[in-house]
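Dear colleague,

I am handing over the structure below, and I would be glad if you could look through it with the notes on its aromatic rings that follow.

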Amino acid sequence: MALDLNPLLSFTFLQMGYHTSPKFSMASTHRSVFREVKNTKKTFSSPHKVQVTHSMPPHEIEIFKSMENWVEENVLIHLKPVEKCWQPQDFLPDPASDGFHERVEELQERAKGIPDDYFVVLVGDMITEEALPTYQTQINITDGIRDETGASPSSWATWTRAWTAEENRHGDLLNKYLYLSGRVDMKQIEKTIQYLIGAGMDAQNENSPYLGYIYTSFQERATFISHSNTARLAKEHGDKSLAQICGIIASDEKRHETAYTKIVEKLFEIDPNGTVLAFADRMRKKITMPGLLMYDGCDDDLFEHFSAVAQRLGVYTAKDYVDILEFFVERWNVEKLTGLSSEGRKAQDYVCGLAQRLRRLEERAQEKAKQAPTIPFSWIFDREVKL
Ligand SMILES: [Fe+2]
Ligand SMILES: [Fe+2]
């Protein structure tokens with residue numbers, strides 16, 4: 001179903017990093033390839049773009065090897081022992097208990113008070129969380145920090161596995177909640193997850209942990225904001241239990257953000273020039289969201305449509321993107337870096353002036369996004385939602 005999205009709204013998303021147009025056209029092509037050529041390797045590759053890979057020189061890889069002890073003392077402390085972690089079952093009706101059916105009925109009763117557009121966003125968030133295999137792959141293709149054996153005792157690898165294990169609870173909890181809510185088309189959602197994991201993602205991090213950890217810092221803060229907002233909205237719609245579900249996930253994201261942000265802070269300390277160059281490079285490429293290639297078998301612009309609803313509801317917006325950028329420029333003291341090369345100074349100027357430039361674009365696009373259409377989403381049985 002070809003639907004005309006307000007071109008100015010797409011402009012907002014293109015500019016603000018929801019996706020970039022070359023990637024987006026790649027995504028669409030990718031999906032048509034998917035439909036036409038089933039079960040071939042071609043289906044799962046990106047046919048058009050030759051990306052830069054392994055761009056980090058050997059002496060920089062050594063930096064990461066030398067950080068092992070520092071990671072152990074400063075990053076692993078942000079993990080929670082499994083015994084102290086919450087589990088999805090803590091927030092869901094217990095199927096082994098006598099009152100299970102009543103609890104499910106109560107859950108469904110509360111879910112009735114929540115509008116469809118909220119469910120579209122919650123489903124999109126859940127699907128993004130469920131593509132976790134892709135994110136662990138992204139980290140494990142990164143030079144200097146990858147898990148060499150799959151169970152490596154290195155502190156980088158220990159973090160990555162435990163981070164993945166913590167993250168795994170997010171999609172699990174949201175998936176089970178949505179299943180019980182009775183408000184969504186689970187088969188369509190499950191298909192979307194399968195398509196998304198099959199499509200993967202190319203975050204354009206060039207196998208570099210400089211780019212990779214800037215990306216993850218940004219993403220963790222973005223997901224913290226997004227889950228905090230779905231928590232706030234659930235509360236406004238009178239569903240405190242759902243608010244608690246989204247809130248507990250947001251608190252994990254915050255802890256992960258702290259850890260990744262600390263890694264980048266340390267990189268700025270060890271190698272300010274290399275890190276500011278990476279920061280500028282990362283922002284020039286834009287931080288594309290991990291669910292970019294989502295597809296449900298019918299809507300070719302599904303990610304764009306989901307993002308538009310998230311923007312309209314204020315769950316994750318173009319303004320948030322700029323706020324995150326501004327936050328990190330300040331957090332990493334980018335303006336105050338000294339001793340940079342001339343290229344490094346250019347990168348510093350670019351990054352420090354970027355938020356202001358994006359804000360002007362964002363204000364203009366906001367105004368123009370108001371005439372958005374209403375479209376059906378398969379995730380909610382083709383009921384229509386305004387973009
Ligand atoms: Fe998460
Ligand atoms: Fe996260």
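Is F218 buried or exposed? F218 has a relative accessible area of 1% and is therefore buried (buried means under 20% relative accessible area, exposed over 50%, partly exposed in between, with a 1.4 Å probe and protein chains only).

Please keep in mind that this is a predicted model, in which local features need pLDDT of at least 70, side-chain atom pairs count only at pLDDT 80 or more, and totals for chains, interfaces and linings use all residues. Residues are numbered from 1 along each chain as its sequence is written, chains are lettered from A and ligands numbered from 1 in the order in which they are written, and side-chain values use heavy atoms, leaving out hydrogens and water.

The structure holds 19 aromatic pairs (rings of Phe, Tyr and Trp, the last by its six-membered ring, pair if their centres lie within 6.5 Å; planes under 30 degrees apart count as stacked, over 60 as edge-to-face and the rest as tilted). One of them is the edge-to-face pair of Y195 and Y295, at 4.9 Å centre to centre with 65° between the planes, and both of these residues are buried. F218 and F328 form a tilted pair, with 6.4 Å between centres and 45° between planes; F328, at 1% relative accessibility, also counts as buried. Ring pairs also link F64, W156, W159, W163, Y210, Y213 and Y260 into a cluster.
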